[in-house]
Amino acid sequence: MKTTYENQVATLEINETTEKSAGTYTCKATNNLGTAETTNELKIQEPPSVKYDEKMKNVRLKSYSEYILDVKVFGYPAPELVWLKNGKVLESTKHTLVQMREDSTAITIRSLENTDSGTYTLQLNNPAGTVKHDFKLFVLGMYINLIITRNRLKEA
């Protein structure tokens, strides 16, 4: 933090802010004619961002296998999170578990079915911005597995 006074202008400079930098700052000037002061509120915001395994952007899995998508979440204030599947809000069911934690979120599908194929979108929003991340899941069903096996047998 650095304060300067040049050409009758007082300046407070904060080079690196953190959540703890937020607060009320007051500048008070006094001379033989009196006192003057001004107060400003500093609010710290960080746009939402995420961290995840890049391999999870486009996944192909066999039917009945397990799908776990775990995403670390950043932003200040903490962003609101919404999961979508093919554009519709995704909520927890007996088949699909959607978890929201303080600094991460996850989707777990225990036994994949063909109907689980689609685009899963994580939408994050806070006063500093909104971001979306798409994750594509393609479930290889029994029918597709049979065709692949049959084609391999023909080649042999």
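**Exercise 1. Which residues does the UniProt annotation "domain: Ig-like" cover, and how much strand do these spans hold?**

Step 1. In the unreviewed UniProt entry, "domain: Ig-like" is annotated for residues 1–45 and 48–138; the positions follow the numbering used here, feature names are shortened, and annotations may be inferred rather than shown by experiment. Residues are numbered from 1 along each chain as its sequence is written. Please keep in mind that this is a predicted model, where local features need pLDDT of at least 70, side-chain atom pairs count only at pLDDT 80 or more, and totals for chains, interfaces and linings use all residues.

Step 2. Residues 1–45 are 62% strand and 0% helix, with 18 Å between the end C-alpha atoms. Strands (E, at least two residues) and helices (H or I, at least four) are DSSP runs, numbered from the N terminus.

Step 3. For residues 48–138 the values are 63% strand and 0% helix, and the end C-alpha atoms are 27 Å apart.

**Exercise 2. Find the order of the open sheet of 4 strands.**

Step 1. The order is 5-7-11-10, with antiparallel pairing; two strands pair if DSSP finds at least two bridges between them.

Step 2. At the edges are strand 5 (46–51) and strand 10 (96–100), each pairing on one side only.

Step 3. Neighbouring strands here are turned by 15° against each other on average, direction ignored; the axes are lines fitted to C-alpha atoms.

Step 4. Now zoom in on one pair: strand 5 meets strand 7 (residues 67–76) over 4 antiparallel bridges, and V50 faces V73 in strand 7.

**Exercise 3. Trace the partners of strand 12 (residues 118–126).**

Step 1. Strand 8 (residues 80–85) pairs with strand 12 in the antiparallel sense over 6 bridges, with E80 opposite N125.

Step 2. Strand 13 (residues 129–140) pairs with strand 12 over 9 antiparallel bridges; here K132 is the bridge partner of Q123.

**Exercise 4. What lines the largest pocket?**

Step 1. A pocket is an open set of points on a 1 Å grid where a 1.4 Å probe fits, with protein on both sides within 12 Å along at least five of seven lines; lining residues have an atom within 4 Å of a point.

Step 2. There are 14 lining residues, and T11, L12, Y25, T26 and C27 lie nearest the centre of the pocket.

Step 3. Strand 4 (34–42) gives the most, with 5 residues.

How values were computed: Side-chain values use heavy atoms; hydrogens and water are left out. Axes are lines fitted to C-alpha atoms, for helices over the stretch in contact, and angles run from 0 to 180 degrees between N-to-C directions.
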